[in-house]
Amino acid sequence: MTQLPDDSPKSREEFEQTFLTNVTTCQWEPHPLYSVFTQYDQQYYLDRARVFLCKYKCFYAVSKTISPKKIIEMGVLAGSSADAYLSAAPGAEYLGIDRFDVNTRQDDYSPWDPYDIARRLFESRGFRNYKLLKTDLRALSSLPYRADFVIVDAAHDFDSAYADLKLAMTASPTFLFVDDSDDVNDAKPAIDKFLSQEINGRIDYTVHIAYQGGGLVIKLKDAN
Ligand SMILES: C[S@@+](CC[C@H](N)C(=O)[O-])C[C@H]1O[C@@H](n2cnc3c(N)ncnc32)[C@H](O)[C@@H]1O
């Protein structure tokens with residue numbers, strides 16, 4: 001496993017306490033031009049602004065609590081969550097993996113290119129230490145390198161979520177973070193099976209983060 005700073009949380013209680021401090025003191029705001037609140041389907045998020053702002057601040061606080069050196073995110077879309085993770089860990093190296101499919105806007109039928117938007121967002125924030133990998137996760141048998149913090153937020157159907165969790169482990173992470181972990185129809189059964197059948201005995205602790213859709217932090221035991 002990659003080394004974490006000495007001040008990374010040693011126990012579930014310590015994680016919860018530090019996370020609580022980080023989320024309540026979070027000053028981070030979504031980018032004024034590039035976020036879910038400005039993208040082509042912004043109305044959905046604007047109608048639920050309070051809960052989605054809370055969700056993205058939780059992303060920020062999870063990352064700040066972990067204080068990672070290397071982040072791999074599976075499922076980037078246009079980089080809104082990456083903005084939160086990276087803003088909280090300014091020195092970290094980031095790899096975002098996604099198919100980055102170009103969508104067609106419903107209003108004027110113009111293309112909406114998440115790869116291009118993520119690049120502009122990162123440029124505007126001044127993030128330099130990042131790579132965006134345009135590929136299908138199903139084409140990967142392992143992640144390209146080790147990372148202390150791996151985020152799983154691609155397709156949420158059972159088979160994809162399960163495969164992504166297994167793929168995430170190939171980076172030998174210290175922390176896994178699974179977004180939308182409360183989804184009882186798809187992601188949650190996949191996470192439960194993964195926890196009990198794939199990494200049983202390797203879990204140090206888990207922390208459920210309560211926001212829209214829910215998130216699960218999984219701290220893996222040190223390999224030593
Ligand atoms: C929920 S969105 C990610 C949202 C982003 N993490 C955020 O919170 O702002 C899921 C993303 O996963 C990507 N995705 C789904 N299945 C994938 C696959 N098999 N390979 C690569 N990307 C995939 C989709 O293209 C989409 O951009």
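Close-up 1. The model is predicted, with local features needing pLDDT of at least 70 and side-chain atom pairs counting only at pLDDT 80 or more, while totals for chains, interfaces and linings use all residues. Residues are numbered from 1 along each chain as its sequence is written, and side-chain values use heavy atoms, with hydrogens and water left out.

Close-up 2. Among the polar contacts (pairs of N or O atoms within 3.5 Å), an N or O atom in the side chain of Asp153 is 2.7 Å from a nitrogen atom of the ligand. An oxygen atom of the ligand lies 3.2 Å from a polar side-chain atom of Tyr56, and a backbone N or O atom of Leu77 lies 3.4 Å from an oxygen atom of the ligand. Of the 610 Å² of accessible area that the ligand has on its own, the protein covers 84% (Shrake-Rupley method, 1.4 Å probe).

**Close-up 3. The largest pocket.** The ligand sits in the largest pocket, meaning that more than half of its atoms lie within 2 Å of the grid points of the pocket. A pocket is an open set of points, on a 1 Å grid over the protein atoms alone, where a 1.4 Å probe fits, with protein on both sides within 12 Å along at least five of seven lines, and its lining residues have an atom within 4 Å of a point. Of the 32 lining residues, Gly75, Leu77, Asp98, Asp153 and Ala154 lie nearest the centre of the largest pocket.

Note on methods:
Polar contact = N/O pair within 3.5 Å; in protein donor to acceptor, adjacent residues only side chain to side chain.
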